[in-house]
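I'm opening my notebook on a new structure today. Here is the picture I'll be working from.

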Amino acid sequence: MAGKISPSMMCADFRRLEQTVEAFERAGVEYLHIDIMDGRFVPNFTLGPDFVRTLREMTDIPIDLHLMVERPEDHLHLFPVGPGDIVSVHQEASVHLQRTLQQIRALGARPCVALNPATPIYTIDDILDDLDVVLVMTVNPGFAGQKLVPATLRKIANMKRHLVDMGYAGVEIEVDGNISNENAVKMLAAGADIFVAGTSSIFKKDADLLELTERFRASISD
Ligand code: DX5
Ligand code: ZN
């Protein structure tokens, strides 16, 4: 199965936001990945609700909101998300995770749980009914431009097998962190469905964004 692309907007050149969105519309990317960091759950700050609102006004491409924040349930109401959008919260960040996923469902969005490299797959076993997507972090979240944690390749394959065994083959697997064209090929083979494209693949200085996005698309096509 061919993969879906979710460009990581924190890697974009904000001076050229309009051209960036145009390129993604032409390339037909399936989502726009927006990283929200609170300086506590992860040691960095990035984008916020105003940026999501701006993108909403610029394009109909669905939003893929990645909340790297403590107590995401307290902040969901700030984001203009709805049907067709993905909202990811971290397993490690929400004590009443099942309720948080229901809150996301109530917004009409697709609930997703993100797992840090150290978080075992089984921690989502009892909430599979509440999930549309699971996000397997392939680096420790917080910064662009990091190197893949090698064991996460095996984790993607294990996740795929586990979802099928548990009767949840319909839950999509998203991957985020150092998704180079080369790594993407291996992740597609392991069972990944949605690929976050950042500095490792499409956002390169002085390169053609549309061309690199099309090249990335080719690497996750059958
Ligand atoms: C964190 C981010 C990063 C990054 C992805 O959640 O999504 O993983 O922007 O792009 P790379 O790793 O290729 O710079
Ligand atoms: Zn992310």
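**Ground rules.** I'm working with a predicted model, where local features need pLDDT of at least 70, side-chain atom pairs count only at pLDDT 80 or more, and totals for chains, interfaces and linings use all residues. Residues count from 1 along each chain as its sequence is written, while chains are lettered from A and ligands numbered from 1 in the order in which they are written.

**The sheet.** I looked up the strand order and got S1-S8-S7-S6-S5-S4-S3-S2, an open sheet of 8 strands with parallel pairing. Its edges are S1 (4-7) and S2 (32-37), each pairing on one side only. On average, neighbouring strands are turned by 25° against each other, direction ignored. My terms: strands (E, at least two residues) and helices (H or I, at least four residues) are DSSP runs numbered from the N terminus, and two strands pair if DSSP finds at least two bridges between them. The angles run from 0 to 180 degrees between N-to-C directions, with axes fitted as lines to C-alpha atoms, for helices over the stretch in contact.

**One pair up close.** I picked S4 (residues 86-90) and S5 (residues 110-115), which pair in the parallel sense over 5 bridges. Serine 88 has cysteine 112 in S5 as its bridge partner.

Asparagine 178 has a positive phi near 55° without being a glycine. I found asparagine 178 in the loop between S7 (172-176) and H5 (181-190). Aspartate 206, not a glycine either, has a positive phi of about 60°, and sits in the loop between S8 (194-197) and H6 (209-219).

Which of them is buried, and which exposed? Asparagine 178 is buried because 21 other C-beta atoms lie within 10 Å. Aspartate 206 has 4 C-beta neighbours inside 10 Å, so it counts as exposed. The cut-offs are 20 or more other C-beta atoms within 10 Å for buried, 12 or fewer for exposed, and partly exposed in between, with C-beta atoms placed from the backbone.

Serine 200 is in the loop between S8 and H6, and is buried, with 25 other C-beta atoms within 10 Å. Not counting residues up to four places away in sequence, serine 200 touches Asn178, Ile179 and Ser180 (contact: C-beta atoms, placed from the backbone, within 7 Å).

I then checked ligand 1: 18 residues surround it, and Ser200 is among the closest (near: C-beta atom, placed from the backbone, within 6 Å).

Notes
Contact = placed C-beta atoms within 7 Å.
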